[in-house]
Amino acid sequence: MDVIMKRVEDLVEYDGNARRNDAGVAKVAESIREFGFLNPITIDANNVIISGHTRLKAARQLGLEEVPCIVQNLSEEDAKLARIIDNKSHEYSTWDVGKLHQELAGIGMDFKTTFFTPNRDRKFFTDNKFLIFGNNELPITEEEYARLKAVYDDYINRNKTYLGFVMFLTGGEEG
């Protein structure tokens with residue numbers, strides 16, 4: 001498989017793309033600016049994107065004229081399946097929070113706050129003493145905050161992930 005350079009203006013976004021990716025464009029653009037393209041955009045023979053819609057939008061935001069691409073000769077059915085698999089497969093992965101913190105330790109960049117913000121790391125509370133649920137911040141007392149933070153930290157230490165924390169708090173089976 002050869003990586004070839006294609007003009008941004010020649011690439012075509014797939015009309016049926018079911019993934020809403022606008023929220024990730026700025027973060028992907030920052031990654032491309034810092035490291036370049038870690039993954040080429042995958043296209044078909046007609047320059048229609050199979051995977052890489054967010055990367056293309058980020059390239060446009062950065063004003064790039066060309067981007068690396070891989071051409072795949074897939075049937076229409078296989079191209080649709082590849083789009084879904086590419087977008088869906090990451091949802092089955094989780095983070096080992098302990099290892100993630102080890103990897104982030106000592107990194108002098110501001111990527112910690114750029115890439116690991118609420119809704120990606122499922123942050124539940126802030127140092128300003130608010131409990132976060134989606135876009136809602138609920139005020140909590142100092143004592144409530146301290147108790148919740150201790151329970152959360154203990155949960156992370158035992159389970160090496162935040163997944164299941166809310167179920168654990170509400171008396172579910174995780175924990």
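Reader: Is aspartate 22 buried or exposed in this model?
Author: Happy to start there, and please keep in mind that the model is predicted. The cut-off for exposed is over 50% relative accessible area. Aspartate 22 has a relative accessible area of 57%, so this residue counts as exposed.

Reader: Which side chain meets aspartate 22 in a salt bridge?
Author: The two side chains come to 2.7 Å, N to O. Aspartate 22 sits in the loop between β1 (3–7) and α1, while its partner lies in helix α2, so the pair ties together parts that are 35 residues apart in sequence.

Reader: What separates glutamate 76 and lysine 80 along helix α3?
Author: Glutamate 76 is exposed, at 61% relative accessible area, and lysine 80 is partly exposed, at 39%. The two are four residues apart in helix α3, so what separates them is about one helical turn.

Reader: Which side chain of opposite charge is nearest to arginine 55?
Author: Arginine 55 belongs to helix α2 (residues 53–62). This arginine is buried yet has no salt bridge. A salt bridge needs a nitrogen within 4 Å of a carboxyl oxygen, and the nearest side chain of opposite charge is 4.4 Å away. That side chain belongs to aspartate 86.

Reader: What covers the buried residues of α2?
Author: Let's look at the helix itself: His53, Thr54, Arg55, Leu56, Ala58 and Ala59 are buried there. Arginine 55, for one, touches residues including Val28, Ile32 and Ile41. The cover over the buried residues of α2 includes α1 (25–35), β2 (41–43), β3 (49–51), β4 (66–71) and α3 (76–88).

Reader: Which elements each supply at least two residues of the largest nonpolar core?
Author: This core has nine residues, including Ile41, Ile43, Leu56, Ala59, Val67 and Cys69. The elements that each supply at least two of its residues are β2, α2 and β4.

Reader: Which residues does alanine 59 contact, leaving aside neighbours within four places in sequence?
Author: Alanine 59 is one of the buried residues of α2 and a member of the largest nonpolar core. With those sequence neighbours set aside, its contacts are Val8, Phe37, Leu64 and Val67.

Technical notes:
Residues numbered from 1 in each chain as written. Predicted model: local features only at pLDDT ≥ 70, side-chain atom pairs only at ≥ 80, totals over all residues. Heavy atoms only, no water. Buried < 20%, exposed > 50% of the residue type's maximum accessible area, 1.4 Å probe, protein only. Lys, Arg positive; Asp, Glu negative; His and termini not counted. Contact = heavy atoms within 4.5 Å. Core = buried A, V, L, I, M, F, W, Y, C linked by side-chain atoms within 4.5 Å.
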